[in-house]
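Let us walk through this structure one part at a time. Keep the sequence and the 3D view side by side as you read.

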Amino acid sequence: MTSVENKAKALLELHRPGDPVVLPTVWDAWSANLAVDAGFPALTMGSHPVADSVGRPDGEGMTFLELLTRVRQVTDAVTVPISVDIESGYGLEPAQLIEGLLEAGAVGLNIEDTVHSEGKRLRTAEEHADFVRGLREFADAAGVHVVVNARTDLFLRKDGEDADRVDRAVARLNLAAAAGADVLYPVGWHSDADQRRLTSELTLPVNAIAKPGETELSVLADQGVARISFGPLLQFALAEEAKRLLARWR
């Protein structure tokens, strides 16, 4: 088994409902080393902080090649498994995405259902599942079980009625699970009741977003979450602290 295969296996095994893995969201070699030195066993790279770090807007404002350049810098700097937010796929085919990620040393990915290159439309549930299926098929063909984190933006976008949004998210993400996802990510801020519904009704481990300085790990663990990431919020928090320090010198 290759080093990449071992890392993919190790990343997948970290996802335990009720005992969640915390994957600090990093954007460059410096932030990756910071998180690894703090003792975290794996990391995720978020599109928003990576885009900010190269002077591009989030929402596929950077190219996949720019993203991969940053990914390679991180995988060269640290030895832990790395998962990468590939937004909605940069208009590329699953085969191109898997090939690029594996060549850059990544062993996991987030794929969202907002298609930035097509007016930010929401993929249908079937389209999203088909895209996940393609990613799984090409990863399997490459011999690496890339950890696929299927994300829905229903809660961020607030599409449709509030009353059945959890139902629609569950149906959408369970289709992605059947298509080959490993983790399901109903990104957004949920009530305790909704979070518990999501972790109980979704058929795979659930990813939740957290605010580094506010969210309690024990609460998300009790709600049955299996994976925690920060999106751009770690970078935002560090930026605020940097502003505070720099203000002393104006």
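The buried residues of helix H5 are covered by elements that include helix H1 (3–13), H4, E4, E5 and H6. Contact here means heavy atoms within 4.5 Å. Helices (H or I, at least four residues) and strands (E, at least two) are DSSP runs, numbered from the N terminus. This is a predicted model: local features need pLDDT of at least 70, side-chain atom pairs count only at pLDDT 80 or more, and totals for chains, interfaces and linings use all residues. Residues are numbered from 1 along each chain as its sequence is written, and side-chain values use heavy atoms, leaving out hydrogens and water.

Which residues of H5 are buried? They are Pro94, Leu97, Ile98, Gly100, Leu101, Leu102 and Ala104. Buried means under 20% relative accessible area, exposed over 50%, and partly exposed in between (1.4 Å probe, protein chains only). Just after H5, Gly105 takes a positive phi of about 95°.

Now take H5 with its partner. The axes of H5 (residues 94–104) and H6 (residues 125–142) come within 8 Å and cross at roughly 50°. That makes H5 oblique to H6. Axes are lines fitted to C-alpha atoms, for helices over the stretch in contact, and angles run from 0 to 180 degrees between N-to-C directions. Under 35 degrees counts as roughly parallel, over 145 as roughly antiparallel, 65 to 115 as roughly perpendicular, and the rest as oblique. On the H5 side, Pro94, Ala95, Leu97, Ile98 and Leu102 make the contact. H6 brings Phe131, Gly134, Leu135, Phe138, Ala139 and Ala142.

Next comes the sheet. Six strands form an open sheet in the order E2-E3-E4-E5-E8-E9, with parallel pairing. Strands E2 (25–26) and E9 (183–186) stand at the edges with a single partner strand each, so one side of each is left without a neighbour in the sheet. Two strands pair if DSSP finds at least two bridges between them. E5 (residues 108–111) and E8 (residues 147–152) run parallel, joined by four bridges. Gly108 has Val147 of E8 as its bridge partner.

Finally, look at the core. A nonpolar core is a set of buried Ala, Val, Leu, Ile, Met, Phe, Trp, Tyr and Cys residues joined through side-chain atoms within 4.5 Å. The largest has 61 residues, of which Leu67, Val84, Ile86 and Leu109 touch the most other members. Helix H8 (residues 165–179) gives the most to this core, with seven residues. A second, separate core of seven residues includes Val22, Ala208, Ala210 and Ile228.
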